[in-house]
Amino acid sequence: MLEDRTTAASSPTAWPAAYPQGYAVVDVETTGLARDDRIISAAVYRLDARGEVEDHWYTLVNPERDPGPVWIHGLTTDVLESAPLFQDIAGEFSARLDGRVLVAHNAVFDWQMIAREYARAEREAPVRQRLCTIALSKELALPLPNHKLESLAAHFGVVQQRAHHALDDARVLAEAFRPSLRAAAASSVRLPLQECRPLTEWRDTASTAVIGQQANGYGGYGGGYRPTSWRPSRKRPACPHPNPGRYEDGKRLKQGMRVAFSGDTSIERDLLEDRAIEAGLHVSTSLSRLTSLLVTNDPDASTSKVVKARQYGTPVVDEAAFGQLLRDVEPASER
């Protein structure tokens with residue numbers, strides 16, 4: 001199911017020369033949040049350098065599995081069974097993304113879902129940078145009650161028609177992104193761009209070709225998929241904020257706090273870590289007396305981090321509580 005429309009573009013005169021030349025505002029609906037979940041619909045609004053809509057595109061995607069929370073996205077098995085597979089729409093999707101900055105609300109999630117689908121199709125998405133509208137709204141200090149899409153839309157007077165429908169969510173985000181981009185340009189705000197790295201997920205045992213960054217010896221297509229068999233190695237940027245100390249129960253997280261993770265999580269660890277970094281937190285690979293918070297779903301485990309947390313009295317929360325805390329992180333204090 002495809003849709004395309006082209007519109008005329010108009011733009012203000014002054015503009016920062018360093019800003020990107022084009023954007024792809026993206027929304028994907030999925031079967032869930034874990035790394036083995038699949039995309040079931042996708043929408044892309046292409047915008048020019050100044051945020052004006054050039055065209056848009058929408059498609060359903062057959063996930064080759066159950067559709068997940070139908071009560072949220074409304075897409076049933078009957079609706080999706082005749083939809084194209086991701087590999088069938090990957091070329092068109094690429095054409096929409098090529099040479100543009102991917103823009104999404106909580107962009108790390110959309111990017112990782114897209115990157116995994118491309119990895120399964122033995123391809124790479126032509127995206128090198130992403131921009132999260134949550135991060136941009138924080139840079140602009142917008143007076144939002146929370147970081148939900150509906151709050152951003154309401155701030156700019158954009159009317160939502162079908163929440164959790166990829167096409168309408170992408171439309172709403174495109175309409176809210178345009179005034180955000182113009183406000184950033186007017187104040188010469190540096191856009192919070194993040195690097196997009198292809199993800200390793202599948203390896204064909206019939207060849208030595210590997211999709212993504214690295215391979216760690218997991219099985220090929222016929223051998224099944226093991227969610228915990230790989231982690232891409234990458235150097236994370238240094239946190240720009242000072243450590244304000246430990247998290248206190250009932251209060252907000254604050255930018256600069258040191259957060260460590262231990263044990264299995266329902267959401268991919270890299271996704272959780274990226275969310276924390278984009279919120280201004282310092283993600284630590286080890287636990288020390290300086291750690292502000294440990295995130296674990298098994299506080300009684302005997303892992304080294306949990307044991308040290310008990311010794312040091314480090315606060316501990318589970319994944320769900322951490323997700324709630326990430327929605328409203330307090331800005332860092334001025335030095």
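In which strand is Arg130 found? I looked this up in what is a predicted model, and I placed Arg130 in strand β6, which covers residues 129–132.

Entry on the surroundings of Arg130. I checked whether the residue is buried or exposed, and since buried means under 20% relative accessible area, Arg130 counts as buried because its value is 5%. I then went through its contacts, leaving aside residues up to four places away in sequence, and noted that Arg130 touches Val101, Leu102, Ala107, Val108 and Trp111, a run from Pro192 through Leu193, Gln194 and Glu195 to Cys196, and also Asp274 and Glu278. With Glu278 I also noted a polar contact, in which the side chains of Arg130 and Glu278 are joined at 3.3 Å.

Entry on helix α7. I traced this helix over residues 166–186, which gives 21 residues, and from its first C-alpha to its last I read 30 Å, close to the 30 Å expected at 1.5 Å a residue. I counted 15 of those 21 residues as buried, so α7 is largely enclosed by the rest of the structure. After α7 comes Ser188, for which I noted a positive phi, near 55°.

Entry on the whole chain. I listed 10 helices and 11 strands in the protein chain, and of its 335 residues 52% count as buried. Taking contacts between residues at least 6 apart in sequence, I found that 65% join residues at least 24 apart.

Conventions
Residues are numbered from 1 along each chain as its sequence is written. This is a predicted model: local features need pLDDT of at least 70, side-chain atom pairs count only at pLDDT 80 or more; totals for chains, interfaces and linings use all residues. Side-chain values use heavy atoms; hydrogens and water are left out. Helices (H or I, at least four residues) and strands (E, at least two) are DSSP runs, numbered from the N terminus. Buried means under 20% relative accessible area, exposed over 50%, partly exposed in between (1.4 Å probe, protein chains only). A polar contact is a pair of N or O atoms within 3.5 Å; within protein, one must be able to donate a hydrogen and the other to accept it, and residues adjacent in sequence count only if both atoms are side-chain atoms. Contact means heavy atoms within 4.5 Å. The expected span of a helix is 1.5 Å times one less than its number of residues.
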